Amino acid sequence: MADRGPAASVLLYWLPLGAGGRSVRFNGRMFEAVVARNEHRAVRDLYHSALEVHLGDDRFVVEMTPAWSTPAADRGVVLEGPVGTRWLGRFAAFRYEIRRWHMGVIPDIADAVGGPRQVSRNPVRARRLLELVPAVPAVTWGRDELRTGDMWNSNSLTAWLLARSDHHTDDLGPPASGRAPGWHAGLIVAAREQHLRETTGPGATTVPA
């Protein structure tokens, strides 16, 4: 039998928004209450997503998080971006970071609803996902700069990475009665980029809005 490479696993975690942080949880509930009222529907629980990728003996945490949230110096930061507006991004309190953290941790992982969800065991797709992390669009968190009809946030990162690395995403939504703002933004941008690559070649990058 041909060598298929190291054992691999891509795990998806759904964490309640603001787990471990009262301010974020309160603001998230207020946001969802306003959106639900405008959309004439019931209030839902909001979720934040994170990925854990195992490749052989290595393990990586892939996540978008506030730049000030973890004191560890070597936490695998590959990109930073602004929160709210671009000009606020000059201040550390209004920046997010994208991590590809070797042997890292997911804060509040104990609060993950349903535990880890196995997305795939394919080593090629797992390696591709890790390679793509520095290429994610570093647009403003909480805004719709790419004109997808959805805000860009941590769920956008997760959805974009899974879609771009050829993982199936149709049944990977948040827990029942929950909502994951930003998820569709990641899928839409990934689909645009895939279309661009198919029509103009593999060197194509992010599709303009």
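I began by searching the whole structure for aromatic pairs, and the search gave 1; rings of Phe, Tyr and Trp (its six-membered ring) are paired if their centres lie within 6.5 Å, with planes under 30 degrees apart called stacked, over 60 edge-to-face and the rest tilted. The model is a predicted one, in which local features need pLDDT of at least 70 and side-chain atom pairs count only at pLDDT 80 or more, while totals for chains, interfaces and linings use all residues. Residues are numbered from 1 along each chain as its sequence is written, and side-chain values use heavy atoms, with hydrogens and water left out.

**Entry 1: the pair**

A pair of aromatic rings is described by the distance of the centres and the angle of the planes. For Trp14 and Trp183 I noted 5.4 Å from centre to centre and 50° between the planes, so the pair is tilted. I then asked which elements the pair links. Trp14 lies in strand β1 (residues 8-16) and Trp183 in helix α4, 169 residues apart, which makes this a link between distant parts of the chain. Here helices (H or I, at least four residues) and strands (E, at least two) are DSSP runs, numbered from the N terminus.

**Entry 2: the chain as a whole**

I counted 4 helices and 7 strands in the chain, and along the sequence they follow the pattern β-α-β-β-β-β-β-α-α-β-α. Of the 209 residues, 44% count as buried. Contact means heavy atoms within 4.5 Å, and of the contacts in the chain with a separation of 6 or more, 76% come from residues 24 or more positions apart.

I also looked up the confidence, pLDDT, which is the predictor's own score for each residue from 0 to 100. The chain averages 84, and 80% of the residues score at least 70. Over residues 20-26, however, pLDDT stays under 50, and the model has 7 contacts beyond four places in sequence for them. Where pLDDT is low, the predicted coordinates should not be read in detail.

**Entry 3: helices α3 and α4**

Two packed helices are described by the angle between their axes and the distance between the axes. The axes of α3 (residues 154-164) and α4 (residues 183-200) come within 7 Å and cross at roughly 35°; axes are lines fitted to C-alpha atoms, for helices over the stretch in contact, and angles run from 0 to 180 degrees between N-to-C directions. The crossing is right-handed, a term used if the near helix is turned clockwise from the far one by less than a right angle, with left-handed for anticlockwise.

Among the residues that meet here are Trp160 and Leu162 in α3, and Trp183 and Val189 in α4. By class, the contact of α3 with α4 has 9 nonpolar, 4 polar and 3 charged residues, where Ala, Val, Leu, Ile, Met, Phe, Trp, Tyr, Cys and Pro count as nonpolar, Asp, Glu, Lys and Arg as charged, and the others, Gly among them, as polar.

**Entry 4: two strand residues**

Leu11 is placed in strand β1 and is buried, with a relative accessible area of 11%. Leaving aside neighbours within four places in sequence, Leu11 is in contact with residues including Ala50, His54 and Pro116. The C-alpha atoms of Leu11 and Ala50 are separated by 8.4 Å, although the two are 39 residues apart along the chain.

Arg99 has its place in strand β5 (residues 95-102), and Arg99 is buried, with a relative accessible area of 1%. Beyond neighbours within four places in sequence, the contacts of Arg99 include Glu63, Arg75 and Val133. Between the C-alpha atoms of Arg99 and Val133, 34 residues apart along the chain, I noted 8.1 Å.

**Entry 5: loops**

Most residues other than glycine have a negative phi, and most peptide bonds are trans. Which loop holds Arg147? Arg147 lies between α2 (123-132) and α3, has a positive phi near 55°, and counts as exposed at 64% relative accessibility. Ser177 has a positive phi of about 70°, lies in the loop between α3 and β7 (178-179), and counts as exposed at 55%.

Technical notes. Buried < 20%, exposed > 50% of the residue type's maximum accessible area, 1.4 Å probe, protein only.
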